[in-house]
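Look at the sequence and the structure below, and keep both in view while reading. The paragraphs that follow go through selected side chains and their contacts.

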Amino acid sequence: MKKIIALIILGMLGCTFVAAQTQNEAEKLAQEQLDAYNNRDIDSFLYPYSDSVKVYNILRNFSYQGKDRMREGYAGYFQSVDSLHCTLVNRMVVGNVVVDQEEVYIIREGES
């Protein structure tokens with residue numbers, strides 16, 4: 001009986017360690033994506049995403065799928081604004097999931 005308990009405890013410690021590495025990597029990728037957004041660097045911005053990324057709106061309605069489609073939308077967006085900056089208000093990281101609360105400031109040509 002003690003051997004089984006020891007294996008379960010070791011297994012739990014192993015999972016915790018792996019989860020911590022995954023959490024750090026997820027947070028690192030989220031920060032790199034945010035930095036790339038602020039620099040309007042489309043390639044770095046898209047790097048963390050899967051080629052088959054699925055994008056949903058805030059109401060959980062499907063918007064589109066694929067990194068190529070995402071590139072089309074964001075590349076045009078990055079080019080169409082004179083001033084763009086995203087400020088991180090709050091970040092919550094649980095395992096490999098990162099949820100950012102952000103404020104985005106945009107000035108388009110002709111606006112003040």
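Is R71 buried, partly exposed or exposed? R71 is partly exposed, because its relative accessible area is 32%; buried means under 20% relative accessible area, exposed over 50%, and partly exposed in between, with a 1.4 Å probe and protein chains only. This is a predicted model, in which local features need pLDDT of at least 70 and side-chain atom pairs count only at pLDDT 80 or more, while totals for chains, interfaces and linings use all residues. Residues are numbered from 1 along each chain as its sequence is written, and side-chain values use heavy atoms, with hydrogens and water left out.

R71 also takes part in a salt bridge with D43, the closest N and O atoms being 2.9 Å apart. A salt bridge here is a side-chain nitrogen of Lys or Arg within 4 Å of a carboxyl oxygen of Asp or Glu. Side chains of opposite charge can pair when their charged atoms come close. D43 lies in helix α2 and R71 in helix α3, so their contact ties together parts that are 28 residues apart in sequence. Helices (H or I, at least four residues) and strands (E, at least two) are DSSP runs, numbered from the N terminus.

A search of the whole structure finds four salt bridges. Another one joins D51 and K67, with 3.7 Å between the closest N and O atoms. Because D51 lies in the loop between α2 and β1 (54-56) and K67 in helix α3, this pair ties together parts that are 16 residues apart in sequence. D51 is exposed, with a relative accessible area of 61%, whereas K67 counts as buried at 17%. In helix α1, K28 and E32 are four residues apart, so about one helical turn separates them. Their side chains meet in a salt bridge of 3.2 Å, N to O. K28 is partly exposed at 44% relative accessibility, and E32 is partly exposed at 32%.

Now turn to the rings. The whole structure holds ten aromatic pairs; rings of Phe, Tyr and Trp (its six-membered ring) pair if their centres lie within 6.5 Å, and planes under 30 degrees apart count as stacked, over 60 as edge-to-face and the rest as tilted. One of the pairs is F45 with F78, edge-to-face at 5.6 Å centre to centre and 75 degrees between the planes. This pair links distant parts of the chain, as F45 is in helix α2 and F78 in helix α3 (residues 67-80), 33 residues apart. F45 is buried at 1% relative accessibility, and F78 is buried at 4%. Y74 and Y77 also form an edge-to-face pair, with 6.2 Å between centres and 85 degrees between planes. Y74 is partly exposed at 26% relative accessibility, while Y77 is buried at 17%. Together, Y37, F45, Y49, Y74, Y77 and F78 form one aromatic cluster.

Most residues other than glycine have a negative phi. R40 is not a glycine, yet has a positive phi of about 55 degrees. R40 is found in the loop between α1 (2-38) and α2 (42-46), and counts as partly exposed at 29% relative accessibility.
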